Amino acid sequence: MNENKPDDSRNLACVFCRKNDDCPSKYGEKKTNEKWNLTVHYYCLLMSSGIWQRGKEEEGVYGFLIEDIRKEVNRASKLKCCVCKKTGASIGCVAPRCKRSYHFPCGLQGECIFQFTGNFASFCWKHRPVQIITSNNYRDSLPCTICLEFIEPVPTYSILRSPCCKNAWFHRDCLQAQAINAGVFFFRCTICNNSDIFQKEMLRMGIHIPEKDASWELEENAYQELLQHYEHCDVRRCRCKEGRDYNAPDSKWEIKRCQCCGSSGTHLACSSLRSWEQNWECLECRSIIYNSGFQKAKKHALPNSNSAAITDCLLEESSPKLPRQSPGAQSKDLLRQGSKFRREISTILIELGFQIKKKTKRLCINKASIWNSALDGFRNQNFNPLYTIEVVYVNEDDPFGREHPGSKQEFLSLLMQHLENSSLFEGSLSKNLSLNSQAVKENLYYEAGKMLAISLVHGGPSPGFFSKTLFNCLVYGPENTQPILDDVSDFDVAQIIIRINTATNMADLNSVINECYNYLELIGCQRLATTLSDKYMLAKDILVYHVIKRVQTPFESFKQGLKTLGVLEKIQAYPEAFCNILCKKPENLSAKILSDLFTVHTIPGVQALGFWNSYLETVEDGKSTTTLEDILLFATGCSSIPPAGFKPAPSIECLPVDFPIGNKCNNCLALPITNTYKEFQENMDFAIRNTLRLEKEESSHYIGH
């Protein structure tokens, strides 16, 4: 997409709300596609009822295809906004039988609620979610815990209460501004610092929490001052002739900082300290420690020191020091320290790979039954995940029992494909664990977790099929995870939850409960509904049971398998890095990525290398019958680059052959030497297309069984 934002884009009107306002905090980022002469506000696009993100992030506008946007604009042109009475109202209330439609800015004006999560639902002012406060014990006004301006502690559209701290109240505008600045990693309750419960409630009440790092994290050198050591002598009688700021390491004029606060200092000589190893506290910290009755470790003896001099140094008044940090600042420092440990997934997996020993373990794999042969190999008493895996392919129909060298990465890629489509998981794209009693008896969930761990450490592909709910259960625990409706693959159960959530009165709610009484009793989710708001807790109970509690045994078994080679521990330590490979499919390849990936070993004067680069561009432009993924698969056995990278690194050589040859064991691609580029492309297309087709036909009968 051409998303260049021209200088006059501020004057271009959004095709949905028809306003030219450029206010990212209210309407989202404003983007203009010059090629199609189309301008949109991000929130207007995101909340429109009749459009879905069918493309990739770089396609169209934020992944929304241009033709879809035009269709949605055309649909909205027939709908009148119930606020401004003008056409183009692309957003509708999700409540059943509610016919209200509105523009996004008009919805804000009319105090509608837009949920930036799940299905991105919107609610008009009549059907919007509310915070239910059973009793109000606050007689006087309370301060907004963000701006400190006093407000009436009554939940309204503009006043919200924290779900985790009963005495914490906020202005909606203050919360939204804080969420935009903090992002999903740092947005949390200002009182108790809870993020999980707090974020879920704020999302329900229409607060947009962008998936980005905090604004202060993005400022260049924002924490530079934290890297500076305090270098100032604060004792009352500084004996250094060069002054209090003089610091000479490895001498008696080296400055020693207070071991407790670090924000006071002394020259070693000024406090009669003979070495750096000796402890020293400033007067303020010393008084706190000893007056509180804490037992301290004995100090090193000070030989030949004068006790009066020591007393004089320890009890003297300290000079002004750096200001102490507030609890909030200390918390921010801890978060900053945590961000230092964000690491690239490739680095983490390579480090895990250091534990693999050179001793090899041969796995005999039958492609016609890859799951069973892999299971037999991994369960073999002689198998050790710490050994280097060597793959050989065998064919049960071969009377001679011949073995053929196999590609480890191809084997792991095929195994992950099978696992993704196996009965151990349920769902379409983002998958959760299923409940398969036979698999529980055979301990297959443990084996699945073990296979995933081994695959990641030994150079396998990104799984990319975990749901966020399954991932959060692994990282934060099932008790701290709230599933969503998309996690429910059972149509009947999903319909029950939808009917409960969309009940508009007690009669509708009780009707659903009565119809589903046997089911609710069976799963232990009976709940006496006295008010309409009880429907949310009932729906939540059903979700938690169906997605989490129902599969508790498979989950614990799967989790134990993931502990193989220390993978689960790393997932929990670096969730952001692992989320990108467990919950997201790899990004599409490009001609440049492939060109940079392969090391070229060719002979001078051969045109094949130039033909190769031209061929990659042809494929990328869609002018070939193959894809870039096909080329990589043909050469390495993987259709994407593994998170830990290829080993050995992919290479290219030119041979006097008519058609290309892919050596998946060595990740080597042999290019044909031809006289013309047309001949080169035809030969490449023919060989790659037919080779992959034959391999697919051979394996189609076992993948997914």
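Predicted model: local features only at pLDDT ≥ 70, side-chain atom pairs only at ≥ 80, totals over all residues.
Helix 17 itself comprises residues 491-501, and its buried positions are V493, A494, I496, I497 and I500. These residues lie on the same side of helix 17, because the arc that they cover around the axis is only 160°. Such an arrangement can be read against the geometry of an α-helix, in which residues three or four places apart point the same way because each turn holds 3.6 residues. The face of helix 17 turned away from the buried side carries F491 and D492, both of which are exposed.

The N-terminal end of helix 17 is capped by D490. In this cap, a side-chain oxygen of D490 lies 3.0 Å from the backbone nitrogen of D492, a residue that also belongs to the exposed face described above.

Elsewhere in the chain, three strands form an open sheet with the order 13-14-15 and mixed pairing. From one strand to the next, the twist averages 40°. The pairing between strand 14 (residues 387-394) and strand 15 is antiparallel and extends over three bridges. Among the residues involved, Y393 has H404 of strand 15 as its bridge partner.

Note on methods:
Residues numbered from 1 in each chain as written. Heavy atoms only, no water. Pairing = 2+ DSSP bridges. Helix = DSSP H or I, 4+ residues; strand = E, 2+ residues; numbered from the N terminus. Axes fitted to C-alpha atoms, helices over the stretch in contact; angles between N-to-C directions. Buried < 20%, exposed > 50% of the residue type's maximum accessible area, 1.4 Å probe, protein only. Arc of directions from axis to C-beta. Polar contact = N/O pair within 3.5 Å; in protein donor to acceptor, adjacent residues only side chain to side chain.
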